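Hi,

Here is the structure I promised to pass on.

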Amino acid sequence: MFTVGLTGGIGSGKSTVADCFAAHGVPVIDADVIARDLTAPGGAALAAIRSAFGETVMRADGGLDRAALRRRVFADAGERRRLEAILHPRIRRAVEQARAALTASYALIVIPLLVETGGYRDLLNRVLVVDCPEELQMARVMARSGLAHDEVTAILAAQAGRAERLAAADDVIVNTASPEALRSQVTALHRRYQTLASVLP
């Protein structure tokens, strides 16, 4: 199946773009949603995270203390790699299973760390990057999440830089203007992907 990998930095607008594609009837597989399911109470990765990181990242009700875990992994690259080693293979398997069940002409997989992991290229026909300036990313993330400036800076520092993402892109959506401008970019790419999918061997 023709498959597009959608990526972009935190606050770039990946979810909004994915929603625009979904409005065209395109099936969307979101690695972040899969990760949340894996780390929810009873999730398939929760026991491994608890074993690796201990009770300091767990809530009293047995759920994951996401804020505590986020602070820990963004303060220490080694801890972040340990978490990724638990999550990434499980996310990849779930993505493959979801994609195998689809029958559409093409699918969109939202992979926030596509450039950082490099682990999905064999599944993808195109890489679509949602782009905007870092200062706009910062403003959006702080407004929606309530995170402090230094917390957002740490997240941005752990992600690939803007130039690195753009270098990996086959297609780019610039998300700096109106919602209408964003939707028109998605519509144009949707038509292009339908055409490319129709000629896929």
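Below is what I found, from the whole chain down to single residues.

First, some ground rules. This is a predicted model, so I kept to its cut-offs: local features need pLDDT of at least 70, side-chain atom pairs count only at pLDDT 80 or more, and totals for chains, interfaces and linings use all residues. Residues are numbered from 1 along each chain as its sequence is written, and side-chain values use heavy atoms, with hydrogens and water left out.

**The whole chain**

The chain has 10 helices and five strands. Both are DSSP runs numbered from the N terminus, helices being H or I with at least four residues and strands E with at least two. How does the radius of gyration of the chain sit with that of a compact globule? It agrees: the chain has 17 Å, and a compact globule with 201 residues would be near 17 Å. (That radius is taken over C-alpha atoms, and the globule rule is 2.2 Å times the number of residues to the power 0.38.) Along its principal axes, the C-alpha trace spans about 50 × 40 × 25 Å.

Of the 201 residues, 43% count as buried. Buried here means under 20% relative accessible area, exposed means over 50%, and partly exposed is in between, using a 1.4 Å probe and protein chains only. The chain exposes about 9800 Å², with carbon and sulfur atoms supplying 53% of it; these areas come from the Shrake-Rupley method with a 1.4 Å probe, and for residues only the protein chains shown count as cover. Take the contacts (heavy atoms within 4.5 Å) between residues at least 6 apart in sequence: 75% of them join residues at least 24 apart.

**The strands**

Strands count as paired if DSSP finds at least two bridges between them. Here is how they link up:

- Strand E2 (residues 28-30) runs parallel to E3, joined by three bridges, and Asp30 stands opposite Val110 in E3.
- E3 also pairs with strand E1 (residues 2-7), in the parallel sense over five bridges; Gly5 is opposite Ile109 in E3.
- E1 in turn pairs with E4, again parallel, over four bridges, and the bridge partner of Leu6 in E4 is Leu128.
- Strand E4 (residues 126-131) is joined to E5 by four bridges, and the two run parallel; Asp131 stands opposite Val174 in E5.

Side chains in a regular strand alternate between the two faces of the sheet. What happens on the two faces of E3? Both are covered: Tyr106, Leu108 and Val110 are buried on one side, and Ala107 and Ile109 are buried on the other. Five of the five residues of strand E3 (residues 106-110) are buried, so this strand is largely enclosed by the rest of the structure. E1 is largely enclosed too, because six of its six residues are buried. Phe2, Val4 and Leu6 point one way from E1, while Thr3, Gly5 and Thr7 point the other way.

Ile91 is in helix H5 (residues 77-100). Its relative accessibility is 7%, so Ile91 counts as buried. Beyond its neighbours within four places in sequence, Ile91 is in contact with Ala31, Ile34, Ala35, Leu38 and Tyr120.

Ser12 sits in the loop between E1 and helix H1 (14-23). Is Ser12 buried or exposed? At 1% relative accessibility, Ser12 counts as buried. Again setting aside neighbours within four places in sequence, Ser12 is in contact with Val130, Cys132, Gln137, Arg140 and Asn175.

Gly161 lies in the loop between helix H8 (149-158) and helix H9 (162-168). Gly161 is partly exposed, because its relative accessible area is 29%. The C-alpha atoms of Gly161 and Ala60 are separated by 37 Å, and these two residues are 101 apart along the chain.

Happy browsing!
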